[in-house]
Amino acid sequence: MMSKIARGLLVALPMVAVSVAADEPPSSQNVPYKVIDGYKVDAFTMTGFRTWRAGACDRCHGANQEGLVGPSLVNSLKTLTKDEFVKTVRDGRQEKGMISFASNETVMANIAALYAYLKGRSHGAITRARVEPMAGAGS
């Protein structure tokens, strides 16, 4: 007969494993960015960083994407799908103070790259908010 502690462990351990797995970044085959050393990124992801800067997103979401008056994107991108991200950026969330970027040509033309950059930050693969191009990735 199993003790209450042993039964509790049998129930809890699978939940812990699922929780830890959810926090780990997906395999490199499933991500929209490429990064080396935590801050050297491919040209596509570099475009996302530049779009972040051009859109002045840091005014609300903070220079490190960890939130100011707007929420932490490092946390939000853990659960937001790409479609939800695009809809939010395009349409805004007026009730929460998020403006629409639908008329911002730079942001809309590079929204997939912006998503890639922020997803890398959210996954923890991109460890610095300010990134640099990896060798041969363009500048």
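Visitor: Which elements do the buried residues of α2 pack against?
Guide: In this predicted model, the buried residues of α2 are Thr45, Met46, Gly48, Phe49, Thr51 and Trp52. An α-helix has 3.6 residues a turn, so residues three or four places apart point the same way. The elements that these buried residues pack against are β2 (40–41), α3 (58–61), α4 (73–76), α6 (105–109), α7 (111–123) and β3 (132–133).

Visitor: Which residue caps the N-terminal end of α2?
Guide: The backbone nitrogen of Phe44 has a side-chain oxygen 3.2 Å away, within the 3.5 Å cut-off for a polar contact. The residue that supplies this oxygen, and so caps the N-terminal end of α2, is Asp42.

Visitor: Which residue just after α2 takes a positive phi?
Guide: The phi angle in question is about 55 degrees, and it is found just after α2. The residue that takes it is Ala56.

Visitor: How many disulfides does the structure hold?
Guide: A disulfide needs two cysteine sulfur atoms within 2.5 Å. The sulfur of Cys60 is 8.6 Å from its closest cysteine sulfur, in Cys57, which is too far for a bond. The number of disulfides in the structure is therefore zero.

Visitor: Is Cys57 buried or exposed?
Guide: Buried means under 20% relative accessible area, and whereas Cys60 counts as partly exposed at 34%, Cys57 has a value of 13%. Cys57 is therefore buried.

Conventions: Residues are numbered from 1 along each chain as its sequence is written. This is a predicted model: local features need pLDDT of at least 70, side-chain atom pairs count only at pLDDT 80 or more; totals for chains, interfaces and linings use all residues. Side-chain values use heavy atoms; hydrogens and water are left out. Buried means under 20% relative accessible area, exposed over 50%, partly exposed in between (1.4 Å probe, protein chains only). Helices (H or I, at least four residues) and strands (E, at least two) are DSSP runs, numbered from the N terminus. Contact means heavy atoms within 4.5 Å. A polar contact is a pair of N or O atoms within 3.5 Å; within protein, one must be able to donate a hydrogen and the other to accept it, and residues adjacent in sequence count only if both atoms are side-chain atoms.
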